[in-house]
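Here is a short report for a reader meeting this protein for the first time. Look at the structure, then read on.

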Amino acid sequence: MISPSLSRMEVPMSAPLEIFVQCLKKVPDPRSKYGTSHPFPAALAVVMLGLLANLSTLAEIQRWAEIHFSQLRQFLEFKDKKGRRKIPHAITFARILRELSLADLQDAFAEFLDAILPDDPLAAAVDGKAAKQMTDENGDPIFMLNVFAQTVKLPLAAWSVRGDKTNEPGCLKNHLEELFTMYPCLKLLTGDAIFAQRPLLEAIQEYHRDYLFQVKDNQEKTHQQMKLVFEDAPQQEPSDQQVDKKRAA
């Protein structure tokens, strides 16, 4: 739930970076109060912005922030305890991330999105992907379930399927309350045929949300029931369609 201080009525929508920093200030600083130099929200904001800029290492993020320091310091406080205005070192970023609570960061990011997203209902696609760049303790790729809002081109959430010791539909069902609490404007979930399972669909309906999942021929019982339900429905040409043409050899 978004706090009153960040409601759409009180926060100017022309300043998304300022909103972003305000949300990050609510993430608890995991560092000891002794020996800390750089302000925690500013350092965390630099890391997040660097990742959004498609930078893959903390050293790259440090160099990127140093290049854009004149722009970043307009909304981030970089003054250390000695009064020097400088970007934290990559080692400092690593220490912060090592102790950072992922749940706290997700809550802050969700609050930021809720503040900048339009009031219109939001739809998101659910899909499972193997993160081949990362492996678990057995050396196997980490299989993640991702929720992505296409209209705003933003990832909303991601969970480890094997970490939940279940399959994709079970993982989504386990996290529905968390997902809809973080994003009250999320009203529709879409996905492929693996999600067209009764326990998951009933759970989505309990949260008064809608779903649009595929149904394939190999789901014989469900497919036949759908044919029966829509047998007498009026036929209508689609408003838009895409035709894949075979390329000439």
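Which side chain meets E202 in a salt bridge? The partner is R198, at 3.6 Å from N to O. Keep in mind that this is a predicted model.

Both residues sit in helix α9, which covers residues 198–206. E202 and R198 are four residues apart, or about one turn of the helix. R198 is exposed, because its relative accessible area is 59% and the cut-off for exposed is over 50%. E202 has 39% relative accessibility and therefore counts as partly exposed.

## The whole chain

The protein chain has 249 residues, and 37% of them are buried. Its secondary structure amounts to ten helices and five strands.

The structure holds three salt bridges. One of them pairs K26 with E111, with the closest N and O atoms 3.1 Å apart. This pair links distant parts of the chain, 85 residues apart. K26 lies in the loop between α1 (16–24) and α2 (40–52). E111 belongs to helix α6, residues 102–116. The side chains of E111 and K26 are also joined by a polar contact of 3.1 Å.

Is E111 buried or exposed? E111 counts as buried, because its relative accessibility is 12% and the limit for buried is under 20%. K26 has 43% relative accessibility, so K26 counts as partly exposed.

K129 and D127 form another salt bridge. Their closest N and O atoms are 3.4 Å apart. D127 counts as partly exposed because its relative accessibility is 28%.

Now turn to the strands. Strand β2 spans residues 141–149, and strand β3 spans residues 154–160. In which sense do β2 and β3 pair? They pair in the antiparallel sense, over six bridges. N146 has A158 in β3 as its bridge partner.

β2 and β3 form a hairpin, with four residues between them. K153 is in the turn. Its phi is positive, about 55°, although K153 is not a glycine. K153 counts as exposed because its relative accessibility is 66%.

## F148 and its surroundings

F148 is part of strand β2. Its relative accessibility is 35%, so F148 counts as partly exposed. What does F148 touch, leaving aside residues up to four places away in sequence? The list is A124, A125, K153, L154 and P155.

Two of these names deserve a second look. K153 is the residue with positive phi in the hairpin turn. A125 is 23 residues from F148 along the chain, yet their C-alpha atoms are separated by 5.3 Å.

## Another positive phi

H208 is a residue other than glycine, and its phi is positive, near 60°. Where is H208 placed? H208 lies in the loop between α9 and β5 (210–213).

## A nonpolar patch

Which residues form a nonpolar patch on the surface? They are M226, V229 and F230. Together they have about 320 Å² of accessible area.

M226 is in helix α10, which runs over residues 220–229. M226 counts as partly exposed because its relative accessibility is 35%.

Note on methods
Residues are numbered from 1 along each chain as its sequence is written. This is a predicted model: local features need pLDDT of at least 70, side-chain atom pairs count only at pLDDT 80 or more; totals for chains, interfaces and linings use all residues. Side-chain values use heavy atoms; hydrogens and water are left out. A salt bridge is a side-chain nitrogen of Lys or Arg within 4 Å of a carboxyl oxygen of Asp or Glu. Helices (H or I, at least four residues) and strands (E, at least two) are DSSP runs, numbered from the N terminus. Buried means under 20% relative accessible area, exposed over 50%, partly exposed in between (1.4 Å probe, protein chains only). A polar contact is a pair of N or O atoms within 3.5 Å; within protein, one must be able to donate a hydrogen and the other to accept it, and residues adjacent in sequence count only if both atoms are side-chain atoms. Patches are made of residues with over 30% relative accessible area and no salt bridge: like charges are joined within 9 Å, nonpolar side chains (Val, Leu, Ile, Met, Phe, Trp, Tyr) within 5 Å. Accessible areas come from the Shrake-Rupley method with a 1.4 Å probe; for residues, only the protein chains shown count as cover. Two strands pair if DSSP finds at least two bridges between them. Contact means heavy atoms within 4.5 Å.
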